[in-house]
Amino acid sequence: MTTIRRFCCNDLLRFASVNLDHLTETFNMSFYMTYLARWPDYFHVAEGPGKRIMGYIMGKVEGQGEYWHGHVTAVTVAPEYRRQQLAKKLMKLLEDISDKIDKAFFVDLFVRASNTPAIKMYEKLGYVIYRRVLRYYSGEEDGLDMRKALSRDVEKKSIIPLKRPVTPDELEYD
Amino acid sequence: MASKFGLAGGIPERRVRPIWDAIDSRQFKTALKITTTLLSKHPHSPYALALKALILERMGKSDEALSVCLNAKELLCRDESLLMDDLTLSTLQIVFQRLDHLDLATSCYEHACGKFPNNLELMMGLFNCYVREYSFVKQQQVLCGNGGEKLLLLAEGLLKKHVASHSLHEPEALIVYFSILEQQEKYSDALEILTGKLGSLLMIEVDKLRIQGKLLARAGDYATAANVYQKILELCADDWEAFLHYLGCLFEDDSCWSNETINAPIHPPKFVECKLTHLTDEVFDSRISNASAFVQKLRAEASNDSLRNPYLAHLEIERRKFLFGKNNDDDLIEALLQYYSRFGHLACFTSDVEAFLQVVSPEKKMEFLDKLMKNSNSLSAVPTKALGQSITLLKTQELIGNMFRLSVGELEGSAVQMAELYRKNLPLSKELDPQESMHGEELLSIVCNVLVQLFWRTRNLGYFVEAIMVLEFGLTIRRYVWQYKILLLHLYSHFGALSLAYERYKSLDVKNILMETVSHHMLPQMLASPLWADLSNLIKDYLKFMDDHFRESADLTFLAYRHRNYSKVIEFVQFKERLQHSNQYLVARVESPILQLKQSADNIEEEESILESLKCGIDFVELSNEIGSKSLTFNEDFQSRPWWTPTKEKNYLLGPFEGISYYPKENLTKEREANVRGIVERKSLLPRMIYLSIQSASVLQKDSSEINGSLADPKISSELKTLLERYAKMLGFSLNDAVDVVVGVSHGLKSYEAFGSDIIDWLNFAVFFNAWNLNSHEFGQHGGECTPGSWHLVNSLLESYILGKVRSMEPLIQSPQGDLPILVQLVTEPLAWHGLVIQSCVRSCLPSGKKKKKSGSMDQSLSLLTHAIRDAIQSLCGILEEVAKWSQDQINSPEDNKIDILVSPLRRNGQDEGPGQVFHIFETLVSSPNETELGNRISQALRDWSPVDVARKIVSGQCTVLSEFWRICESKIKSLKTLKQQIAQV
């Protein structure tokens, strides 16, 4: 019941019911369009019957050497389509593209340290907490940098947790 | 494509990349620094200069940017030996474009293509120029006639040549190639390429299959296409669109592949179009049994039974059978029941089955509902699932319109039942994170829907207040439910507590692109409200968002281009066009100056400076002329609107109760389009008519005096007349007839009903007619020069209509909606414009500068005029004073009384009919929350619940609106009093 396809501009006009959710940020246009322009394969939408938007994932691939990795910028599912493993499907797609097409070493994402339901979900999907980023969210709340190693990182070096938290300006990428 | 030899514009790419990275991440200072270093090594490189110009422009240094750009262009054109590549040109182009020098930008490309006529990259660049926005006018010129086809042919030729010499390395280029071939209907060529070596560029198998299936189907090879779609479904069994295409191929139905146009609705009808009539019985039978077998197989192979697709596919097959006349609708109903037994607990059940229910008769729908109801005795043993199933039953009732068939008693019963269900299931959410949706949240929305219907039927205000209480109660328990907030903002708007509605709206955090899709919830009511500051912010934010996007869109298009995502290049351009044609954008652009004019109407000098900034309204007249031929897009998302106002033009609660047929949300675009065109056409004449009216009224005195000897400008009079004629025509009359109508109404010969729902426009017409009449002799019988006839006409129209309204209006607290919005519009539009005419007259009667007051005999016409003005001032003052008093009385009536009016009808304990029953359930729950059952958080929230606070907020929300209105009236009264003193001195 789900068609997963590339996100296109017109989907921005269809995603209101997903984005009105208070945990889903509505970014400015240049943010979305930069992702579409640079990493169109990392921006996918799941569509139900009647072309209703069920959820979407946006991300990118970046980094140098063994830091070359896929990054999940946002993943969200509309309330009426929750508890159907849709987020898992979308994450899998991004992981596959990072792994098979771009040959990245790992996929990472940031999550609010207080967002327990999301952290639990990512853990179920195989992500581990790699490090804590102090006051990452608007200088207030800490963020957790979670990672999952891909096939190219045979020894799973990329996900060995850091012992100490870092500050946002120590991050390699934002 | 610029880096074929590792060179970008003649400079090694590794040197340029950091600059672009800095630009992309908006670190312009860094970018400028690197560029300066680069320029020291390549001082005459047009590319490096173009980069510098680009950065300067982005830093806001337009003048410097332009001069650097011109420098680069000159170098390019002068030096034959210089490399002239596409990257340099497109960079220059983007800067020129942003500096509003489209001409220079285009000439660069034209020059380059003239110089290297066979350069593939440049030609591709030129082609891209046509495709994207840079030379929109030219693109249109080219598209007139058969230019479009020629262009496609050119593009195809270029690509072919390119493939022959360099092959293709980018999947995106391949996709564009396919699209070019597809648009020329060269499907077999495209298929050949896809299955050939180049096809391997597409790394995701399913993507490749999707293109293949589509090309085959469009080429008419449905059998092979169906096989391809089967393969897709075997890979992704949950792909609904692939299944529909699969069926489309089996039935040789091309309707799902028709091309999208730019103003195609963004929310297509849920109903899936299909053609079946061309099939014979045998063909249909064999194909449908193939489909059934395949779906069976998919179902059997499905690794988990949470996949909805195979089951929905079964429904779709049954639907087609029914449409073809193979089955009666019993089988479809049976299939729906099966779907319910498997997925009935899911929140998406009703939206899943909506399209299937649409094809069956109302009786069958009821039968389906009955059968579902019987099922409700055997709910799941898992409490959350059982709750989900119960909610689905209720939502299905809503969906098929059954709620409108129930009696008042049944509706009340149903609301009580739902509230009980909500209460009983609250403990399920005990452990949930406050951020997570709670179980049963939807119930309160449905309860609200039922209560509003009860209000509509009985006009008992209690139900209306109860609906508000239910949602506020829900928000007390979990404050994030946006569905409640939207319902509330509409209820508060309807109740005249617009400031409260706006608060709820703000809490939705509607920003960026959501302003285009969601602000329809708030904007229309605000346009007719006295909350000018809030309205101004709303419009300003929205216009800023749109205009910013239009400005940066070229950059983003270029970004996609540089990253070789060509399909996105085209998509971005089309998207920009879609937004530029947005009906809401157009309306906001017209309403924004009108708001400014309203805000400054008490001060003619301020008004004139606003008019001046609007070029005296000339551009808007132009817009009014063009609107008929402009294509409009409708991007608003109406899905989340409440049932009683499915579009912004419709509000059932304003009329008497009538049943509502099946979800009237769709296919309203045509109607809406005509409506928007009408509004824009009329409203965009206003600034000019206001300007001309002021002029017309102010030249009047100069006309008959010797102050500067110049005669009234006859052009003003004739232009105003032309606009009056147009205005009258929009109201459905000739100028003469329209004048007869207003005269008839003002003399009491006709009733106000003659104006219909266009009262504001009619009164505007009367006001502008009077202004014109001051300078014209044509309508001597109604007034003529400086005679009070047409003055009297306007005074009496405004007076009798506005005072009639005020005197018949009930207190706001007892009557939702009422006539407040119309009253506000009357005062802030026609009355305000009339006030401007008066101000202009007074000003021209006053001796200018330090000249002494004219002595001697005052000429007769002046005396007549001053008399008329005095009367008009007197009349407006009288109106405004009464309106202000009406507002003041309501503001001053004791708050506790008003709160009591709201709350006491709900507190009639022990009643088992009428409003208050749902309220009572919550009050009981709150009075003794069971902390062990509900958990700490919910119990605490229950303790915070205060219905009196909600009532108090409503009261103060209404007062805020009334106070703003009162303030507007007072300001006008003050201004009129000053005029009165001034005119007394003449």
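The model is predicted. Chain A has four helices and seven strands. Its radius of gyration is 16 Å, close to the 16 Å that the globule rule gives for 174 residues, so chain A is as compact as a globular protein of that length.

**Chain A overall**

- From the N terminus on, the elements run β-α-α-β-β-β-α-β-α-β-β.
- Along the principal axes, the C-alpha atoms fill a box of roughly 50 × 35 × 30 Å.
- Of the 174 residues, 57% count as buried.
- Take the contacts in chain A between residues at least 6 apart in sequence: 61% of them join residues at least 24 apart.

**The annotated span of chain A**

- An unreviewed UniProt entry lists residues 2–151 of chain A as "domain: N-acetyltransferase".
- This span is 26% helix and 36% strand.

**A:Asp99, a buried charge**

- A:Asp99 sits in helix α3 of chain A, which covers residues 86–101.
- A:Asp99 is buried, yet it has no salt bridge.
- The nearest side chain of opposite charge belongs to A:Lys100, 4.9 Å away. A salt bridge needs the charged atoms within 4 Å.
- Beyond its neighbours within four places in sequence, A:Asp99 is in contact with A:Ala104, A:Leu150, A:Ser151 and A:Arg152.

**Helix α12 of chain B**

- Helix α12 of chain B spans residues 205–218, 14 residues in total.
- From first C-alpha to last, α12(B) reaches 20 Å, close to the 20 Å expected at 1.5 Å a residue.
- Its buried residues include B:Val206, B:Leu209, B:Leu215 and B:Leu216. B:Gln212, B:Gly213 and B:Ala217 are buried in α12(B) as well.
- The cover over these buried residues includes α10 (171–183), α11 (187–195), α13 (222–235) and α14 (240–250) of chain B.
- After α12(B) comes B:Gly220, with a positive phi near 90°.

- A:Lys103 is not a glycine, yet its phi is positive, near 50°.
- A:Lys103 is found in the loop between α3 and β5 (106–112) of chain A.
- A:Lys103 counts as partly exposed because its relative accessibility is 45%.
- B:Glu252 is not a glycine either, and its phi is positive at about 50°.
- B:Glu252 lies in the loop between α14 and α15 (281–301) of chain B.
- With a relative accessible area of 36%, B:Glu252 is partly exposed.

Definitions and conventions. Residues numbered from 1 in each chain as written. Chains lettered and ligands numbered in written order. Predicted model: local features only at pLDDT ≥ 70, side-chain atom pairs only at ≥ 80, totals over all residues. Heavy atoms only, no water. Helix = DSSP H or I, 4+ residues; strand = E, 2+ residues; numbered from the N terminus. Expected span 1.5 Å × (residues − 1). Buried < 20%, exposed > 50% of the residue type's maximum accessible area, 1.4 Å probe, protein only. Contact = heavy atoms within 4.5 Å. UniProt positions renumbered as here; feature names shortened; annotations may be inferred. Lys, Arg positive; Asp, Glu negative; His and termini not counted. Rg over C-alpha atoms; globule rule 2.2 N^0.38 Å.
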